[in-house]
Amino acid sequence: MNPPQEQATLTGSPATGTAPTIKIYVGGRWVDSSARTTGEVRNPADNTLLARVPMGGADDVDRAVKAALAAFPGWRATPPVNRVRPMFKFRELLEKHFDDIARTVTKEHGKTLDESRSSVRRAVDNVEVACGIPSLMQGLGLEDIATGIDSQFFRQPLGVFAAITPFNFPAMVPMWFLPHAIACGNTFIVKPSERVPLSQVKMFELLHEAGFPEGVVNLVHGAKDAVDAILDHPGIAGVSFVGSSPVAHYVYKRGAEKGKRVQALGGAKNFVVVMPDADMDRAAAISTESCFGCAGERCLANSVVLAVGDAHAKIKDKLVEQAKKLRVGDGADSGVTMGPLITKQHREKVLGYIEQGIKEGAKLVLDGRAYKDAKHPEGYYLGPSIFDDVTPDMVIGKEEIFGPVLCVMKAKDFDEAVEIVRKHELGNATSIFTTSGKWAREYRYRVEPSMLGVNIGVAAPMAYFPFGGAKGSFYGDLKAHGRDGIEFYTDKKVVISRWF
Ligand code: NAD
């Protein structure tokens, strides 16, 4: 276990007050960033200034890469069973500080405590899977590929990897990558979203306490400059990215040009197809939860209900009834089921989409724009909104809104529903609600999104299955998690031997 250090411990301060500038974690130490500018980290529930985040760039990234490169030979030579010992310790610490991490997620992101807890649980799942690396990382061999000649392959780590992550799951998303990568013997750098860096500060305090050797894990902060520095740095072997599709594409292109392995998970516009034979009460309740959970800021949110035939008449009022049950407010308060949006600007952007939908002729059957939070008038809240009569060519039918707005579309039959889903340029996730195995099978067979729910609202990523989208929602070959994660973070060395 590493000795405790002075950390960037954070408490809130009034909107107008000062706040501590958080540090970066490089080579086993919390140190000041060399950034000249900082950004604000605010609690979206009440606009409180929580901290300032250094907007680092090439210098911070270079320091982290140097530390990670220096740590690599020793870490790579550490037997896998020994590499996972601090990982087990990290898991224990995550359990011990579980609620504290969840509260930090809620504080900087705004989602409800239950939602934060679920996301921290998923982070722990990934650490648990990585603890199995001595088995997962094994290669294969075959005797006598020719008489007296044997062949085998070993999986070997590649060096330094980095993760660049989005704002919507501040504790969880970096843990889709870091545990697998370092358990395989690589060293690692995390660059979290500049909007929510505090959850990773907590996670890195625990990684420090777990006793990983200096330089094995590193944390830098910033936005585009830090990302570009990661993509261009010759010392980095590969990058795992999660965020919006335009940035995913950019990261994939620029990283690959610089000879790196890249997996880039992008944005989403997810459809839930509701067949006329579905259990409409369940379909309405589950779809509403899927769309409005995390205030719609979820890449797996089913934000379009695509109702087939008379399913439309059967489900539309039920969706509104369900959405009206949501209790909007500070995610830290018990009983609240939908928190605020991430920033004032993002709230404005979502409002812009609602205006756009009205202009385009969609019918606003539930209007969440007027919601005012009595307790925190400064928070970035919106109530749930539902549009009916949305068509695939409308902006709100095409673009990812990433807010609490549900679009309802009609399809005359199953084939038309499949066509609408297939035509969309994104393909992260989708669901179908039906009581027929035939429709479920047919849907699975014909549409492209890689995560598919059958009577499930969020086909969620599980640490031991591959995760990532299709079409414009994913750039790369190997997905995150499970065996794909192990493949991404290792190379295969084939050895053919003959002994005379
Ligand atoms: P974003 O693309 O704005 O930011 C993601 C990361 O890229 C951040 O670390 C940010 O600092 C960096 N970045 C932003 N703009 C950049 C630029 N121009 N050049 C280089 N780097 C840049 O995404 P976000 O708003 O933080 O997150 C929401 C998006 O992430 C949504 O589109 C959502 O669907 C997607 N997302 C996808 C998944 C998935 O599994 N596919 C999971 C979570 C979120």
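These legends describe close-up views of a predicted model. Residues are numbered from 1 along each chain as its sequence is written, and side-chain values use heavy atoms, without hydrogens or water. In this predicted model, local features need pLDDT of at least 70 and side-chain atom pairs count only at pLDDT 80 or more, while totals for chains, interfaces and linings use all residues.

**View 1. The shell around the ligand.**
28 residues surround the ligand. A residue belongs here if one of its heavy atoms lies within 4 Å of the molecule. The closest are Thr-165, Glu-194, Arg-195, Ser-244 and Glu-400. By class, the shell has 15 nonpolar, eight polar and five charged residues. Nonpolar covers Ala, Val, Leu, Ile, Met, Phe, Trp, Tyr, Cys and Pro; charged covers Asp, Glu, Lys and Arg; the others, Gly among them, are polar.

Taken alone, the ligand exposes 840 Å², and the protein buries 88% of that (Shrake-Rupley method, 1.4 Å probe). Helix 8 (224-232), strand 10 (236-242) and helix 9 (245-257) each give two or more residues to the shell. Helices (H or I, at least four residues) and strands (E, at least two) are DSSP runs, numbered from the N terminus.

Ser-385 sits in strand 15 (residues 385-390). Ser-385 is buried, at 1% relative accessible area; buried means under 20%, exposed over 50%, partly exposed in between (1.4 Å probe, protein chains only). Its side chain reaches the backbone nitrogen of Gly-368 at 2.8 Å. Beyond neighbours within four places in sequence, Ser-385 has contacts (heavy atoms within 4.5 Å) that include Phe-292, Ile-354, Leu-366, Asp-367 and Pro-404.

**View 2. Cysteines without a disulfide.**
The structure holds zero disulfides, a disulfide being a pair of cysteine sulfur atoms within 2.5 Å. For Cys-291, the nearest cysteine sulfur is that of Cys-407, 7.8 Å away. Cys-291 counts as buried because its relative accessibility is 1%. For Cys-299, the nearest cysteine sulfur belongs to Cys-294, 9.9 Å away. Cys-299 also counts as buried, at 16%.

Terms used: A polar contact is a pair of N or O atoms within 3.5 Å; within protein, one must be able to donate a hydrogen and the other to accept it, and residues adjacent in sequence count only if both atoms are side-chain atoms.
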